[in-house]
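Biologist: I have not looked at this structure before. Could we go through its side-chain contacts one at a time?

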Amino acid sequence: MEINWPELRERCRIEEDEAILALNKPAGISVTGERHDSDLVEQAAAHGERLYPVHRIDKVTSGLVLLAKDLAAHGPLTRQFGERTADKRYLAITASTGLPDHGVIELPLSVGRKNRVRIAAPRERITRTGDTWAVAPADLLAGRNYPSRTEFTTVHRTATHTVLAIRPITGRRHQIRVHLAWIGHPIAGDPLFDRSELCDRTHLHSWRLRLAAPWRGGELDLTAAPGSDFWATGPDPITADPATILSSA
C-alpha cells in the first residue's frame, strides 16, 4: 500500500506532544521493517521525521500505534511493555460463535518452520477447564517456548460472529491471532487462519493503551476508535451502533 505520509499523519493522529506521536493506523500498513512495501517509519524518515516505534502491531491489524520522537522518550516507554505495566486492549471479531462471556487463554507459544508462531503443544492436548484454555506442562513440545496469556470479554454476538474486547497480558508476536485460532475461533479475515476469503481485512484492532508518561508527570490514556471497515465482515455490518458496543466493553 502506498503511503502519503503527511496526509496519513494528519488524518490518523490521535495525540501528539514533544515526546510522542500516537496514530490510528489503517489495516494493511506496516509500522516498520517491511521488506517489500512502504512502512510508517520509513515514510516519516523520507519526509525528514525520525520516529521510534514503542510497540508493534501487525500489518493486517488496524488501530493505535505509539511512536516516540526521540530516544530519550523511547526507552522509558518500551520498558513498560517489557515489564508488562502497559495496559493494552484490542478488539477482535471472530468468524465463530460459542465463546463464553469471559475467557482466559493460557497457551505457551513457540516458533516453528518458516518462522511461524504456533502453540507449543499438539492441538489435541489443549484442554478447556471452565472458561480457561491451557495445556499441561508434560504436553509441551521440546524446544524453547514462551508463556503467553490472553484474557477476553465477549461484548457482542450475532448469528455468525463474536466481538471480543481482548487484553493480552503478554505481548508475543501474533499472540492474539494464534491463541484464538488454536482454540477454534479464528479472527475473521485473518490470512493465517481464516480460509473463507469472505472479508476484505483482518478484523483485529488495537483499541486502547494506558501507560506512564513521566515527561508529563502523569500517564497516557489513548483510545483509537475502529473505522467502519472493522465492522463490515460481509454484506451487512456487525452492528449499526458501534458506540453502544464499545461503551459496554
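Biologist: Is F152 buried or exposed?

Modeller: Keep in mind that this is a predicted model. The relative accessibility of F152 is 3%. Buried means under 20%, so F152 counts as buried.

Biologist: How many residues apart are W133 and F152?

Modeller: W133 belongs to strand β10 (residues 132-134), and F152 belongs to strand β11 (residues 149-157). The pair links distant parts of the chain. The separation of W133 and F152 is 19 residues.

Biologist: Which class does the pair of F230 and W231 fall into?

Modeller: F230 is buried at a relative accessible area of 0%, and W231 is buried at 3%. Their ring centres lie 5.0 Å apart, with 85 degrees between the planes. Planes over 60 degrees apart set the class, so the pair of F230 and W231 is edge-to-face.

Biologist: Which ring does the charged end of R123 sit over?

Modeller: The charged end of R123 is 4.4 Å from the centre of the ring. The cut-off for that distance is 6 Å. The ring under R123 is that of W182.

Biologist: How far is the charged end of R208 from the centre of the ring of W207?

Modeller: The charged end of R208 sits over the ring of W207. The distance to the ring centre is 5.8 Å.

Biologist: Which helix holds both R11 and E7?

Modeller: R11 and E7 form a salt bridge, with the closest N and O atoms 2.7 Å apart. R11 is exposed at 52% relative accessibility, while E7 is partly exposed at 39%. The two residues lie four residues apart, about one turn of the helix, and that helix is α1 (residues 5-12).

Biologist: How many residues apart in sequence are the parts that D190 and R177 tie together?

Modeller: The side chains of D190 and R177 meet in a salt bridge of 2.7 Å, N to O. D190 is buried at 0% relative accessibility, and R177 is buried at 4%. Because D190 lies in the loop between α4 (175-182) and β13 (204-213) and R177 in helix α4, the pair ties together parts whose separation in sequence is 13 residues.

Biologist: Where does R201 lie?

Modeller: R201 meets D229 in a salt bridge (3.1 Å, N to O). D229 is partly exposed at 39% relative accessible area, whereas R201 is buried at 10%. D229 lies in helix α5 (residues 228-231), so the pair ties together parts 28 residues apart in sequence, and R201 is in the loop between α4 and β13.

Biologist: Which residues are linked in a network of salt bridges?

Modeller: The count of salt bridges comes to 20. Those linked in a network are R9, E10, R13, E16, E49 and K69.

Notes:
Residues are numbered from 1 along each chain as its sequence is written. This is a predicted model: local features need pLDDT of at least 70, side-chain atom pairs count only at pLDDT 80 or more; totals for chains, interfaces and linings use all residues. Side-chain values use heavy atoms; hydrogens and water are left out. Buried means under 20% relative accessible area, exposed over 50%, partly exposed in between (1.4 Å probe, protein chains only). Rings of Phe, Tyr and Trp (its six-membered ring) pair if their centres lie within 6.5 Å; planes under 30 degrees apart count as stacked, over 60 as edge-to-face and the rest as tilted. A charge sits over a ring if NZ of Lys or CZ of Arg is within 6 Å of the ring centre and within 35 degrees of the ring normal. A salt bridge is a side-chain nitrogen of Lys or Arg within 4 Å of a carboxyl oxygen of Asp or Glu.
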